[in-house]
Amino acid sequence: MQAGLWAAAAGSLAVGLIAGWRDWRRVRRHDPDAVGPIDWGLVQVLAVLAAVVCTALALRAGG
């Protein structure tokens, strides 16, 4: 169970990093009217929150 939580934490962190990169690109796009369907800032916050929760649960399960 602990390995699964660590894997979920790593995956969530990876999604958070990708979402941060995509949000950075969205802010600097050439055409401000080209609106995307995904709110990358929200995705990043939720992914980092999931990573924190999974990490806390993995640490608790290990001790």
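Modeller: A salt bridge is a side-chain nitrogen of Lys or Arg within 4 Å of a carboxyl oxygen of Asp or Glu. The structure, a predicted model, holds one salt bridge. Local features in this predicted model need pLDDT of at least 70, side-chain atom pairs count only at pLDDT 80 or more, and totals for chains, interfaces and linings use all residues. Residues are numbered from 1 along each chain as its sequence is written, and side-chain values use heavy atoms, with hydrogens and water left out.

Biologist: What makes the contact of Arg-26 and Asp-23 a salt bridge?

Modeller: The N to O distance between their side chains is 3.0 Å, and the limit is 4 Å, so the pair qualifies. Both residues lie in helix H1 (residues 2-27), three residues apart, about one turn of the helix. Helices (H or I, at least four residues) are DSSP runs, numbered from the N terminus.

Biologist: Why is Asp-23 called buried?

Modeller: Buried means under 20% relative accessible area, exposed over 50%, and partly exposed in between (1.4 Å probe, protein chains only). Asp-23 has 18% relative accessibility, so Asp-23 counts as buried.

Biologist: Why is Arg-26 called partly exposed?

Modeller: Arg-26 has 36% relative accessibility and therefore counts as partly exposed.

Biologist: Why does Trp-40 count as partly exposed?

Modeller: Its relative accessibility is 21%, so Trp-40 counts as partly exposed. Trp-40 lies in helix H2 (residues 40-62).

Biologist: Which residues does Trp-40 touch, not counting residues up to four places away in sequence?

Modeller: Trp-40 touches Ala-19, Arg-22 and Asp-23, where contact means heavy atoms within 4.5 Å.

Technical notes:
Helices (H or I, at least four residues) and strands (E, at least two) are DSSP runs, numbered from the N terminus.
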